[in-house]
Amino acid sequence: MGPTGPTGPTGPTGATGATGATGAMGPTGPVGATGATGAMGPTGPAGATGATGAMGPTGPAGATGATGAMGPTGPAGATGAIGPTGPRGETGATGAMGPTGPAGATGATGAMGPTGPAGATGAMGPTGPTGATGATGATGATGATGPTGPAGAAGATGPTGPTGPVGPAAGLSSYGGIYGVEPTNLILLASAPRVIPMPLTMPSAGVTYSPENSITVAAAGTYEINYSVDLSAAIGLDVIVAVRQNGSALTAVGTSQTLAAGLRTSIDGSAIVTLPAGAVLDMIIQATIAATVTLGNWRNASLTVKKLD
């Protein structure tokens, strides 16, 4: 069925005729034709809402809608119990060796070992050509006489050197020296001087070797003093080595030195001083802290004097 068409326009109302005299009521005439419908009056007020009709039958199912977006992931479930250990698999092939790692840091230097024994004396080399004569140096202390070596081949005669200074007419009138060779441990108290033992004596004139470890000069005069000591300590240590006259240090004959731990150190010096007759000379060592120092082997300390006037 098509849709209902629109309502057509209402026709005009005819004119009302004049009222005639009331006649006798005749028989009811036939129903006259229905007059044209008058114009629609204004809309009346809305009537009360009618009762809700019964629910109609369920319509057919609509088409399936598009799939909605996935909802958020739900919380993780509780961890299940650990299953039994499976059988051991076969051993895999050995992997290739990895690259060599970087070298580790260098370790600290170990303490120096003790000094080894002296090696055997090497064979004497051939005599070299005679050099030019140098200036006459101060006479050193006389060392212990060593074994006589084989005679070397005679070298070519060198040119004549310049004439040295004229020495004393009659040689040295007073000289001597003392020294030590035995390895010795000296226990030092803080800032307390300790006489260095030197029990061995050298050839002498005009001096005596009393008291022990000292040199006593007989005549007043100008003397050259030479001293040396060879020692070591297990710890780093500041020491003073000095020559004394009658128990008092000579300011011109002495030195201070820092000993490195475990290293052998040689301390030496010389000076020219004026000494009175009967002056007693010895050599002492003292340290700023209590410690033990060790005198080496061979000639480990020496003290010599010679009169210059």
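Guide: Quick ground rule before we look around: helices (H or I, at least four residues) and strands (E, at least two) are DSSP runs, numbered from the N terminus. This is a predicted model, where local features need pLDDT of at least 70 and side-chain atom pairs count only at pLDDT 80 or more, while totals for chains, interfaces and linings use all residues. Residues are numbered from 1 along each chain as its sequence is written, and side-chain values use heavy atoms, with hydrogens and water left out.

Visitor: Where does Asn-246 sit?

Guide: Asn-246 is in the loop between β8 (237-245) and β9.

Visitor: What makes its backbone worth a look, say its phi?

Guide: Asn-246 is not a glycine, yet its phi is positive, at about 55°. Most residues other than glycine have a negative phi.

Visitor: And why does Asn-246 count as partly exposed?

Guide: Buried means under 20% relative accessible area and exposed means over 50%, with partly exposed in between (1.4 Å probe, protein chains only). Asn-246 comes out at 48% relative accessibility, so it's partly exposed.

Visitor: Is Trp-298 buried or exposed, and how do you know?

Guide: Its relative accessible area is 60%, so Trp-298 is exposed. Trp-298 also has a positive phi, about 60°, without being a glycine. You'll find Trp-298 in the loop between β12 (291-295) and β13 (301-307).

Visitor: What makes the bond between Ser-210 and Pro-211 cis?

Guide: Omega is about 0° for the peptide bond joining Ser-210 and Pro-211. Most peptide bonds are trans. Pro-211 belongs to the loop between β5 (207-208) and β6 (215-217).

Visitor: Which residues does Ala-249 touch, leaving out those up to four places away in sequence?

Guide: Contact means heavy atoms within 4.5 Å, and on that basis Ala-249 touches Ala-242, Val-243 and Arg-244. Ala-249 itself lies in strand β9 (residues 248-259). Its C-alpha is separated by 8.7 Å from that of Ile-284, 35 residues apart along the chain.

Visitor: Zooming out, how many helices and strands does the chain have?

Guide: Zero helices and 13 strands.

Visitor: What share of the contacts joins residues at least 24 apart?

Guide: Take the contacts between residues at least 6 apart in sequence: 80% of them join residues at least 24 apart.

Visitor: And how much of the chain counts as buried?

Guide: 20% of the 309 residues count as buried.
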